[in-house]
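Here's a quick briefing to read alongside the sequence and the model. Have both open as you go through the points.

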Amino acid sequence: KFCCSSAVHQFSTPRLRACTMASASASASTSAATDHPRRPRTSDTERFEQYDQGSVQSYFQYYAKLGNQQNMLQDSVRTSTYRQAIVSNPSDFGGATVMDIGAGSGILSFFSAQAGAATVYAVEASSAAETIRVLAEANKRNLGGADVRVVNKRLESINDEIEGLVDVLVSEPIGTFLFNERMIETYIAARDRFLKPGGKMFPNVGNLCIAPFSDAVLHSEQQNKNAFWKNTSFYGLDLSAAVPQSTKEHFSQPIVDYVNPECLVSEFITSRFDFATCTLESLHNIEIPFCFEVSQPCLVHGLAGWFDALFEGSDSCVTLSTAPWCPGTHWYQIRFLLETPLAVNAGQRLEGTLKMEANKLQSYYIRIHMGIQGTSIFSDAQCIDLKDPEYRFFTSADAYCPPGTAGVFGQQASQQADQALGAQAQQQQQQQQQQ
């Protein structure tokens, strides 16, 4: 059993190194740029053919649109952290051959060029590849003389477009709860086919974090979304027989929004995924055992999740964190609800498992079993569809906004006003006590 935040589940090598934003230090550089034969394709690298083709088409159509690329570029935490990780590691990028997988707008390819790369392969399967070409041509003087080569193909179908093996892989393969869209598997496939022995990966580690939460408002919102189906006189029809199915559908949706850290009722646990060593097969079925010591009497409504991406370069180590206490990103955080909450006292422990089963829709089905240790009391979430979230940040006026983030419904201003009134009332009370 694993209890509290000290638990780290290793899905790779046993080494764990703490990293902080703009912190220091690693040594050793990429292996010498000698020629290596490219490794052949395997059935694992052709898995796009095994996915639902409607899902694949929608996926590439989505990322082909500049509006969606703009949304990611304007995530200043994401973009600035990636740039910092790349340009602060000149030992890895100087004179290197780099491959950018799922290049999108080409921004990571351009950062790699600015960091001193000699050749950059920007691999982008969607029509956004043409945007990369246009931007590369228009920014030649800003790219340090790097040769930026756009490869408009799925990585899995590349043959002769890449010469030999590359020194560095860069990618932003991250979805909600780290693994949605299953792009990390393409990143691993690129590692197996195109990365030189000892080559670098940016990022090279993903840390998946979970913690139990208590949020009666959120649970009530989901519970009451079946209200329409409780209608017993809808044009002469009784719709209430559909209530159980409506309830099931709403609780099978993960909730994507910002999590107020005060809702967390235990320390979090971390599962580490080392992209340099983990296998494709290990990502098809992921099981995370947990044991949390609850810090306060409460109703536990489910599990909250987020991730950190680590860039452990030769010159510096940088972390991109999406934790609730960090500045907001376009990934937000995610919550998986239990239809039946668990009533827990302070000091009691919650134990169970979170299981992730990969599916052909480029995502995962998630199952949670959670019980109170030493009792027969438990609650299950049987099948949560990671690909079908509710983006509550945009649908609920009660959605939390972290400091510095403006909400769709003006929550940040409202929360700041409440805090100011609270501080003013506290100050007046202190003055009265002094008098």
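**A buried tyrosine and the rest of the model**

Tyr 332 counts as buried, at 10% relative accessibility; buried here means under 20% relative accessible area, exposed means over 50%, and partly exposed is in between (1.4 Å probe, protein chains only). Keep in mind that this is a predicted model, where local features need pLDDT of at least 70, side-chain atom pairs count only at pLDDT 80 or more, and totals for chains, interfaces and linings use all residues. Residues are numbered from 1 along each chain as its sequence is written, and side-chain values use heavy atoms, with hydrogens and water left out.

**Confidence**

- The protein has a mean pLDDT of 87, with 83% of its residues at 70 or more; pLDDT is the predictor's confidence in each residue, from 0 to 100.
- Residues 1-7 stay under 50 in pLDDT, and the model gives them 18 contacts beyond four places in sequence, a contact being heavy atoms within 4.5 Å.
- Residues 10-34 also stay under 50, and here the model has 70 contacts beyond four places in sequence.

**Aromatic pairs**

- There are 23 aromatic pairs in the structure. Rings of Phe, Tyr and Trp (its six-membered ring) pair if their centres lie within 6.5 Å; planes under 30 degrees apart count as stacked, over 60 as edge-to-face and the rest as tilted.
- One of them is Phe 234 with Tyr 235, an edge-to-face pair at 4.9 Å centre to centre and 85° between the planes.
- Phe 234 is partly exposed at 28% relative accessibility, while Tyr 235 is exposed, with a relative accessible area of 78%.
- Tyr 332 and Phe 393 make a tilted pair, with ring centres 5.3 Å apart and planes at 40°.
- That pair links distant parts of the chain, 61 residues apart: Tyr 332 sits in the loop between β13 (316-321) and β14, and Phe 393 in the loop between β18 (390-391) and α10 (411-434). Helices (H or I, at least four residues) and strands (E, at least two) are DSSP runs, numbered from the N terminus.
- Phe 393 is buried too, with a relative accessible area of 5%.
- Tyr 332 and Phe 393 also belong to a cluster linked by ring pairs, together with Tyr 258, Tyr 391 and Phe 394.

**Backbone points to check**

- Phe 202 and Pro 203 are joined by a cis peptide bond, with omega about 5°; Pro 203 is in the loop between β7 (195-202) and β8 (205-213).
- Tyr 235, from the edge-to-face pair, has a positive phi, near 50°, in a residue other than glycine. Tyr 235 lies in the loop between α8 (216-223) and α9 (243-251).
- Gln 362 is another residue other than glycine with a positive phi, near 60°. Gln 362 lies in the loop between β15 (349-358) and β16 (364-372) and is buried, with a relative accessible area of 2%.

**Around Leu 208**

- Leu 208 is in strand β8 and is buried, with a relative accessible area of 1%.
- Leaving out residues up to four places away in sequence, Leu 208 touches several residues, including Phe 177, Phe 179, Ile 269, Ile 288, Trp 306, Phe 307 and Met 356.
- The C-alpha atoms of Leu 208 and Arg 272 are separated by 6.4 Å, though the two are 64 residues apart along the chain.

- On a 1 Å grid over the protein atoms alone, a cavity is a set of points where a 1.4 Å probe fits but cannot get out, and a pocket is an open set with protein on both sides within 12 Å along at least five of seven lines; lining residues have an atom within 4 Å of a point.
- The largest cavity has a volume of about 40 Å³, a volume being the space filled by probe spheres set on grid points that are joined across faces, edges and corners.
- Among the residues lining the largest cavity are Phe 177, Trp 306, Phe 307 and Tyr 332.
- β12 supplies the largest share of that lining, three residues.
- The largest pocket has a volume of about 920 Å³. Its lining has 46 residues, with Tyr 59, Tyr 62, Tyr 63, Met 72 and Glu 181 nearest the centre.
- α1 gives the most to the lining of the largest pocket, six residues.
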